[in-house]
Amino acid sequence: MEIKVLGTGCAGCKALYETTKQAIFELGCDVVLIKEEDLLKIMEYNVLSLPALVI
């Protein structure tokens with residue numbers, strides 16, 4: 001499974017990344033966690049606000 005945290009590097013984006021990383025660790029899931037900060041790639045997801053989580 002792949003999980004992406006979409007964000008430009010703001011405090012909220014960093015917090016979501018760390019919270020997601022901690023949840024993956026606690027659950028022992030086999031997940032690849034990716035932090036996507038490239039605005040052009042983020043725009044491909046058509047999200048309305050950041051941070052966003054893509055599973």
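Residues are numbered from 1 along each chain as its sequence is written, and side-chain values use heavy atoms, with hydrogens and water left out. Because the model is predicted, local features need pLDDT of at least 70 and side-chain atom pairs count only at pLDDT 80 or more, whereas totals for chains, interfaces and linings use all residues.

Me: What makes the pair Glu-18 and Lys-21 a salt bridge?
Reply: A salt bridge requires a side-chain nitrogen of Lys or Arg within 4 Å of a carboxyl oxygen of Asp or Glu; the N to O distance here is 3.5 Å, so the pair qualifies. Both residues lie in helix 1 (residues 11-27), three residues apart, about one turn of the helix, where a helix is a DSSP run of H or I with at least four residues, numbered from the N terminus.

Me: Why is Lys-4 called buried?
Reply: Buried means under 20% relative accessible area, exposed over 50%, and partly exposed in between, with a 1.4 Å probe and protein chains only; Lys-4 has 17%, and is therefore buried. Its salt-bridge partner is Glu-2, at 4.0 Å, N to O, and because Glu-2 has 42% relative accessibility, Glu-2 counts as partly exposed.

Definitions and conventions:
Helix = DSSP H or I, 4+ residues; strand = E, 2+ residues; numbered from the N terminus.
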